[in-house]
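I opened my notebook and went through this structure one piece at a time. Below are my entries, in the order I looked things up.

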Amino acid sequence: MINIEELSITFSTFHGKVHVLDKVSLSVNRREILAIVGESGSGKSVTAYSILGLLDKNAEISNGHIYFDEEDLTKLSPNKIQKYRGKRIGMVFQEPMSALHPTMRIGDQLVNVIKRHRKLSKKDAYPIMLDMLKDVHFDNPEDIAKKYPHQLSGGMRQRIVIALAMSGQPELLIADEPTTALDVTIQAEILNLIKELVQKHNTAVLLITHDLGVVKEVGDRVCVMYGGNIMESGSVDQIFESPRHPYTKALLSALPNHVDRSERLQEITGEIPDLKNRPEGCIFYSRCSEGKSTCTEKAPACMQVSEAHHVYCWEVHS
Amino acid sequence: MNAILRIDQVSKKFGLFSALKGVSFELYEGETFGLVGESGSGKSTLANIIIGIHPPTEGNIFLRDQAFWEKDRYCYKTPGNIQIVFQDPQSSLDPRMNIRQIVTEPLIPLPESIRKEKSSHENLCALLQSVGLQEQHLERYPHEFSGGQRQRIAIARALITSPDILLLDEPTSALDVSVQAQVLNLLKDLQKKRNLTYLFISHNMAVVRYMSDRVGVLYKGDMVEIESERNIFTAPNHPYTKKLIASVPDIANGVV
Amino acid sequence: MKQVIIKRLYLLIIVLLGVTFITFTMSHVIPGDPARMLVGQRASEETLQRVRENLGLDKPVWVQYLIYMKGLLRGDMGISIRTQQPVISDLIAFFPATFELAIFAFLIALGIGIPLGVLASIKQNTWVDHVSRIFSIGGVSIPVFWSGIVCILIFYSKLNWLPASGRLSIGLDISTRITGLYTIDSLLTGNFKVFADTIRHLILPATVLSYAQLATITRQVRSSMLEVLNQEYIRTARANGIAEWYLIIFYGLRNALIPTVTVVGLSFGALLGGAVVTETVFAWPGMGKYVVDSISFLDFPAIMGFTLIVVVGYMLINLMVDLLYMALDPQIRE
Amino acid sequence: PKPVQQETPEAPAEANGNSNPKTITIAINADMGTLDPGVTMDNMAWKITYPTYERLVDFDGASTEVKPGVAKEWKVSEDGLTWTFYLEEGHKFADGTEVNAEAVKFSFERVLSLGQGPSDTYNVIGEVVVEDTYTVIFKLQNPFPPFLSTLAANYGGIVNPKVMEKEENGDLAQNYLAGNTAGSGVYQLEEWKKGQYIKLSLNPNVKTKPAFETVYFKLVADASGARLQLEKGDIDIAEGIQIDQIEQLKGKENITVIQEPSLFVDYVYVNSTKGNTALTNPKVRQAISYAVDYKVIVEQVMQGYATQMRGPIPDGLWGHDPSVFQYEYNVEKAKALLQEAGVDKLDLTLLYSDRFPNWEQEALIMQANLADIGITLNLNKVAYATMREMLDKGDFDLAMGVWSPDYADPFMFMNYWFDSNNHGLAGNRAFYLNKEVDNLVREAATISEQAKRIELYNKAQSIVVEEAPYIYLYQRDFVLPISKGLKGFVYNPMLEGIYNLAEMSK
Amino acid sequence: MDAQLEIKAESLAGKKQKSLLWYKIKKNPMTILGFSLIFILAALALFAPWITSYDPIKINMAERFQPPSASHWFGTDEVGRDIFTRVIYGARLSLGASITIVVVAGLIGSVIGAIAGYFGNWVDQIIMRIMDMLLAFPTLVLAMVLAATLGPNLINAMLAISIVKIPVYVRLARGEALSIKKKLYVVAAKTFRVNDFYIIIRHIIPNTITPVIIQITLDLGDTILLVATLGFLGLGARPPAPEWGTMISTGFKHMLEQWWYATFPGLAVFIASSGFNLIGDGLRDILDPKSAR
Ligand SMILES: Nc1ncnc2c1ncn2[C@@H]1O[C@H](COP(=O)(O)OP(=O)(O)OP(=O)(O)O)[C@@H](O)[C@H]1O
Ligand SMILES: Nc1ncnc2c1ncn2[C@@H]1O[C@H](COP(=O)(O)OP(=O)(O)OP(=O)(O)O)[C@@H](O)[C@H]1O
Ligand SMILES: [Mg+2]
Ligand SMILES: [Mg+2]
């Protein structure tokens, strides 16, 4: 479906060039939910934006390709990529309030998008819009269509955002932290909704989150990112049951979930190194508890530990 | 165990909307009381009433029988005995003040002598040390720190008056997992060292579970359940509590 | 909606009271005796005294104020000391001219300013942006008295394209007065010759006046467009495949206009009271000239009348801005 | 030659207005207030009222003498108290009513009972008696030699008694007349577009039709605008053109510049009793009079369109004394006088406003001039209304001033300027006090024999020139650019800014 | 026992801010242009006595109305003073007056606005109603009436303009205060029970200062024009002091013959006003956190 190969992205800023993504490779298949996890600033969103050509103006794809059904999206003109947006690739953002136009009725926002993707008149788009609202579990679509975003609750808004993203019947849905702003109970609903839509429309999903719980809940496969590199990828079970990368392990043990109340939590000391001067070797080395001298010399190569379970770590190599 | 803080039938209305509907419970000395509930259930409102930001519509707060509110006036006269740490470390520090100014701000209403003593350089250094910061950080500004460090600064600021009670309003929700671990560890250490009493507000069940001795569940302004940590997670009573616990996605299947 | 209007009206009264009181007291402590202006400088003391009494100028200021306010309730703004005619009739004579000029200037400014602002924002930091900024900064920076006379020299003296002064050519007449706005009245009465003449007279002063407005509008539109275009919902809409031009106009501009409305409304209010220089240069028979003359004559009733009308105009515009705001922004509507 | 109008087919009608020989367009630079002849003291309004009303007598052509107006002849009693006027028949108001003795009586009584500015002049009138339809008698309370001349002034206009039908709450139709005319003059007010123009049309009952049937007074506040319009031929007369621009206009083919001596004088009040104490010393005042460079002012500021004054009564008015002493620019003498007066450092203020553009230049020149003799002159520019208030109170050391007579009698200068009863704005703005001068001018005001009066005034003049309570700067020339085709305009120094519209043509 | 967190980078602090600022300024050629214009004007004003040998005040009737030439770059005026000299000396007055006006209005306005926004309720109501009045007041009437009351001189004109300008800052500061008072650091300060004035002075005002400064620079252009307009209406500086507006006002009457008289001071107004506007626009782009990156 989508296949990202060795993608590197650089931002030019006033301090110089920041290498935010470094040779990231991943792929998502139809009906599959790939979750990307990692802490703040690890490059999750940048990866997502790069697919749709929504990167900021100061970004540059310095290496790699993004294949979407054989077409390299990185090579497309802005006009061409626009044809993909919404139509073949849908996107859901984190903040449901700010993702909706505050002064436009819900119905109009949906109709605008449907009109465009299905080349319909406003009138013809209307019933389709109502269906879409029903799809995302609104029982009274007519009423909802007349409302403005601020008249809806966070969960409702997020469902609208999903409806918007699904309205072009995309083959790939990118969801960038779709539930971070929501309550746990509502989060559960939304995640279920996404799962349901995937089943129904055979959509592939790229789910970005930093909540390992969410990953576990809905993900099929996981990519763990750190500092613009993939650290480890594999099926949900592989990652949670037998994490191989020190970072993944540290991440899991920093969670208070299964720690006894009397125990201290595992901390990951230090910070992500300066992305301007990425170290020669492993990016996680400075915070790694298992690091050794080879780690500083060369970037770790991809290591397949079992089927579809890849780790980028020298420690695992040995 | 001694009840140090008593929340007595506290109700709060914003216009027609009832944010709190007669909430009562007690905080025992040295414990951590976890307060959970969905967004908008009134958790922060309760903390705000305790700390004196909003007056309660009804009810009162007592600290060892001393009432906090007289009508709409906050009359608790010991500034600094209760402190609060907010969720967002970014916006809880004034970007135009340096760390020294920020940390010593709670001392301003205190008597001259105490202020002098507490804001002495040695004292400040010791304080920073205790939250894992360094002396040289004193003259720096908030934007020069990471999220976890900022939350430490906020904690240091809360501690400078040597409070008995610390209200923690979602102190780690804005932080990454790795940083969250640091802050939670710090809070635990401090509690041990200083015999602090915590009111720990969060909607992250795992965190609440890890931190709290007892847990109260707020639902639409009502305290629907107060139980020990163990009971609430293993045998929730109220349907909302059940739903809450069920919706928490977790890395392990089954129980949280 | 109704509440907003009522609240505004009630505010209007408070503000009016305050403003009239300040103006009244201020204009009464000015050294200079209006009675003297009226009777001529060489008049004797008795004549002066008699005229003062007639005008009620011998009473304490607050009594005069009360008398004035009482008259105002009956719609009587007093008699102008200078023109010896009811202030209200003077204002009726002068206000429409100012209003017409202001409206035209405003329309020109909007017509150019909005597209220019949008263009500058989507081409931020390119030469388009720079040129539009220089152009619009020219508007706030070039003194009107200067650009006015230069326009007259070029378009009247040298090119002979447009008339230099007044609202209408002498000899032409607008017989029926309906609104007092010549453009509208002439259209209503089907007098196209007058209409064309009026427009010709309007072009220069309206353009000169609009130039200063243009800057405010362009800059406001540019900066709010920049802000709006950075919003998440624009990114969402873009990600949903909305076409770029549609996005800019129907998603972006629509919201960028909300803050613009306020700024523009306020500046229109200022226009009503502040076109004095333009009116002088183009011999435009508006209120600006009237008030300058009134002030130098210490004609209190006229000054008061002018102040009142500007304040009311300003408040009404504010009300309109609020209503527009509500129309544009559903969040405020509730 | 200017190919003016026909350039654009739909050329504005204002161009037609000008090429039309029956229409005249005059650019004025300020709108006017009330048009009621019994109220207005405003020269601007007089432009309208003078041709729309008639008076018993009128100024004769360019002369300051009067000629018959409505009155065909008149006589005055020996004691100067009773004036009898015989009216000419056939003068009619615009509505057809005949002008008769009743109308005259009505008009003068109206002025008196309105009690506004114009009434001041006629306060001497004890009674107006209608002898018969065409004879009216004025009984004065005391002899007042200039009386006849005052009747030719604007406020002597005869108002149609029918206006009383328009009276509102006892205002003697003041409100109506503010915006309408009701006179028997050649013209009547047809339309007044506030801030734009005033249109006069013919009085239908006029005996001889003038060349212009329509007169427009067009408001063009900005003098540059007026000038451009005159150059293009859109208007016939442009008022208010800066003196500095006249030279340029003279060169234009389609423009004539009228230049006549006027009775309009520019002078400086030297506060002789209420200002700086040094100024009470005539020597100091003289020193100041010597210090001013009259030549520069006349030749540069006024571009030569003025003559240095000689004595208070201007040349052209009877009573002017060509032999009276005239100060000249003499720094040495000025310094010497100051020394004599024992003054070596003096700080004075000069009060003026933006009313006349040349004031500032003159102020700057005087500042420089006085600096040369060691006097610091601080310029105090205030609003005109404020200036008048300060003048009235004597709150200044020196102040710029202008004066022009309302009627043709040295009384307008000598009695107003020097009589200590007139201290303040009324006329004696220098707050000059000299008993002898008081007596001289007061006596001159009560006797009717002109030669005797001249003698008394001459005596007074030599004193006041010597004592220098005023700096007698210059007498202005009347300068008016008009379009070349315009004929018949006669300037009368008593009617500054008023046009003999009925005699003009093009 | 605690993890020792490394401070991000030692050098980050002030240097980072400065270099960022510089970087942004460099990216903004218009701002540089604005700064240069003002800098040149200020330098001319400051070093006027060394730049020109003429006296700005002393009259010289022999040189009256000379057109621009090598000896008089901008020509001379109606009493023979060198206009170039008067323009550069005039910069002292005109710029000085405008800056004073705006800074005074900005200071007073932001304090009042901070108070209104912070306290809200009736304090806010009263203040904002008064501001409504001031805003509704026709600027010119206020200025002229004030000038007529107190005398038409520069100080009173300045006072009038300051008063007129205040509401803008009050609104701005109030808006900021409304959002700042909801910031957690203010809420926190309240929980320490420090008093309200401390909060206003330490938290609210310092944090409103950036938009106020931007507004001040933008307003400067406008104010120069307003001062000039009042000068044009005869309410400016006292003669013989050189002030642009007054010069334009006098020169305006000579526009047809002595075009240079009004044109050069007009040009000076234009340059100063554009300069400040460019700076203001630039600052808005530069200091606005949203335009970061
Ligand atoms: N326009 C830009 N210019 C410069 N740096 C940028 C830009 N956009 C993103 N970055 C940097 O790229 C890095 C990755 O950002 P990204 O938004 O992808 O992180 P993320 O993993 O989505 O984090 P979060 O969980 O906080 O959303 C960050 O260090 C960020 O500062
Ligand atoms: N100042 C206020 N005015 C009006 N309503 C308020 C105010 N503060 C809080 N509320 C309302 O009271 C309710 C409870 O708010 P509160 O902030 O206490 O919730 P919470 O449990 O802390 O939620 P969250 O988890 O989102 O922080 C909410 O519905 C909120 O909208
Ligand atoms: Mg992200
Ligand atoms: Mg909360």
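**Entry 1, a strand pair in chain D.** I started with β6(D) and strand β7 (residues 135–140) of chain D, which pair in the antiparallel sense over six bridges.

I stayed in chain D and checked helix α8 (residues 243–250) for buried residues. I got D244(D), Q245(D), I246(D) and L249(D). What do the buried residues of α8(D) pack against? I wrote down α7 (223–232), β12 (255–270), α12 (357–372) and β17 (470–483) of chain D.

Next I turned to an open sheet of six strands, in the order β8-β9-β10-β3-β11-β12 (chain B). The pairing here is mixed. Its edge strands are β8 (82–85) and β12 (222–228) of chain B, each pairing on one side only. From one strand to the next, the twist averages 20°.

I zoomed in on strand β9 (residues 165–169) and strand β10 (residues 197–201) of chain B, which run parallel and are joined by five bridges. L168(B) stands opposite F200(B) in β10(B).

Which strands does helix α1 (residues 43–51) of chain B touch as it packs on the sheet? I listed β3 (32–37), β8, β9, β10 and β11 (214–219) of chain B, and the helix direction makes about 145° with that of β8(B). Helix α5 (residues 147–159) of chain B packs on the sheet too, touching β8 and β9 of chain B. The direction of α5(B) makes about 170° with that of β8(B).

I moved to helix α10 (residues 244–252) and helix α11 (residues 259–287) of chain E, whose axes come within 8 Å and cross at roughly 145°. The crossing of α10(E) and α11(E) is left-handed. On the α10(E) side, the contact residues include W244(E), M247(E) and F252(E), while α11(E) brings in Y261(E), P265(E) and V269(E), among others. I looked up the classes as well: ten nonpolar, three polar and no charged residues.

F197(E) lies in helix α9 (residues 196–232) of chain E. Is F197(E) buried or partly exposed? With a relative accessible area of 49%, F197(E) is partly exposed, because exposed would need over 50%. I also looked up its separation from R92(E): 105 residues in sequence and 37 Å in space, C-alpha to C-alpha.

Where is confidence lowest in chain C? That is helix α15 (residues 330–333), at a mean of 70, whereas helix α5 (residues 87–122) of chain C has the highest, at 89. A reminder to myself: where pLDDT is low, predicted coordinates should not be read in detail.

Definitions and conventions: Residues are numbered from 1 along each chain as its sequence is written. Chains are lettered from A and ligands numbered from 1 in the order in which they are written. This is a predicted model: local features need pLDDT of at least 70, side-chain atom pairs count only at pLDDT 80 or more; totals for chains, interfaces and linings use all residues. Side-chain values use heavy atoms; hydrogens and water are left out. pLDDT is the predictor's confidence in each residue, from 0 to 100. Helices (H or I, at least four residues) and strands (E, at least two) are DSSP runs, numbered from the N terminus. Two strands pair if DSSP finds at least two bridges between them. Axes are lines fitted to C-alpha atoms, for helices over the stretch in contact, and angles run from 0 to 180 degrees between N-to-C directions. Contact means heavy atoms within 4.5 Å. Buried means under 20% relative accessible area, exposed over 50%, partly exposed in between (1.4 Å probe, protein chains only). A crossing is left-handed if the near helix is turned anticlockwise from the far one by less than a right angle, and right-handed if clockwise. Ala, Val, Leu, Ile, Met, Phe, Trp, Tyr, Cys and Pro count as nonpolar, Asp, Glu, Lys and Arg as charged, and the others, Gly among them, as polar.
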